[in-house]
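Subject: Structure handover

Hello,

Here is the structure, with its sequence. My notes on what was found in it follow below.

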Amino acid sequence: MSFNSISYSVADRVATIVLNRPEALNAIDAHMPSELSQAVDSANRDKNVHVIVLTGAGSSFCSGYDLKQYAQAEGANEGQQEMPWDPMVDFELMYGNTEKFMSLWHSNKPTIAKVNGYAVAGGSDIALCCDLVVMTDEGKIGYPPARVWGIPTPAMWVYRLGAEKAKRMLFTGDLVDGQTAKEMGLVLDSVPSDQLDETVDTLAGRITGVPRNQLMMSKLMINSALDNMGLKTTQMFASLFDGVARHSPEGLWFKERAEEVGFKKAVEERDSGDPIAPDVSR
């Protein structure tokens, strides 16, 4: 298979998917969601694969959607419609991407996110759609667009952390390091960066000895508990709310601010702690 934004390989019963846009910190482009889903499907159809490991090329796992091209460009674009806004156009795009990221969760085979560096915004969405997450102590994970202009569409935060800690993360948009994420119960493990490969290889190797059907039964049984808690309905709401967040008065203000001062500066202002959109907020 030929990919633009990822790479895919299989060895020793492990399929490895690499988010492969290191020059952009593996930011999510138009190709990545579909290619990720296609690679997961290939691994599921391959009888030689027992476990899937997902990681990022270069210094980061994934920096989120490539928002600079959307937020900073003047006028409407794929992430920002002209008014009147059609929420279902937005929903079709974002819920479609959510389902592609969730191919990792719905995969018949276990998935491990090997988080090197940052898993931010949409990058945290992808990581948290995996069954197990191992990250570096120095790494960072979080969803800063929860401050303005975004809602995490897979909505995995509450299912991994519980309501109170999920609210703590999304009310602030803070990033936390690997050790803090482990202490919170957000990720399985956090290790020094020079131990990440060995730790994940050992974990994946332990899983590869288990029959594929046994892995599938365990995963389906556990996932059904979250399904019964309303995961799919929560994701539908989250995908709709993500579109609302980009077209609210505050969301439109942020888009205009990014056009005016550049996306990097607008993000610095967003995360500073100062009031967001003070002149337009309702």
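A residue is called buried when its relative accessible area is under 20%, exposed when over 50%, and partly exposed in between (1.4 Å probe, protein chains only). By that cut-off R270 is buried, because its relative accessible area is 8%.

This is a predicted model, in which local features need pLDDT of at least 70 and side-chain atom pairs count only at pLDDT 80 or more, while totals for chains, interfaces and linings use all residues. Residues are numbered from 1 along each chain as its sequence is written, and side-chain values use heavy atoms, with hydrogens and water left out.

R270 is placed in helix α13 (residues 263-271); helices (H or I, at least four residues) are DSSP runs numbered from the N terminus. Its side chain makes a polar contact with the side chain of D271 at 2.7 Å. Such a contact is a pair of N or O atoms within 3.5 Å; within protein, one must be able to donate a hydrogen and the other to accept it, and residues adjacent in sequence count only if both atoms are side-chain atoms. Leaving aside residues up to four places away in sequence, R270 touches P144, P145, R147, V148, F254 and I276, contact meaning heavy atoms within 4.5 Å.

On salt bridges (a side-chain nitrogen of Lys or Arg within 4 Å of a carboxyl oxygen of Asp or Glu), the whole structure has 14.

- D90 pairs with R246, the closest N and O atoms being 2.7 Å apart. D90 is in helix α3 (residues 87-101) and R246 in helix α11, 156 residues apart. Both D90 and R246 are buried.
- K232 and E99 meet at 3.4 Å, N to O. K232 lies in α11 and E99 in α3, so this pair ties together parts 133 residues apart in sequence. K232 is partly exposed at 49%, as is E99 at 42%.
- E269 and R257 meet at 2.7 Å, N to O. E269 lies in α13 and R257 in α12, so the pair ties together parts 12 residues apart in sequence. E269 is partly exposed at 22%.
- R21, D29 and D66 are linked in a network of salt bridges.

Lastly, helix packing. Helix α11 (residues 231-247) and helix α12 (residues 249-261) pack at about 60 degrees, with axes 4 Å apart. The contact is made by A245, R246 and H247 of α11 and P249, G251 and L252 of α12. Axes here are lines fitted to C-alpha atoms, for helices over the stretch in contact, and angles run from 0 to 180 degrees between N-to-C directions.

Regards

Definitions and conventions:
Helix = DSSP H or I, 4+ residues; strand = E, 2+ residues; numbered from the N terminus.
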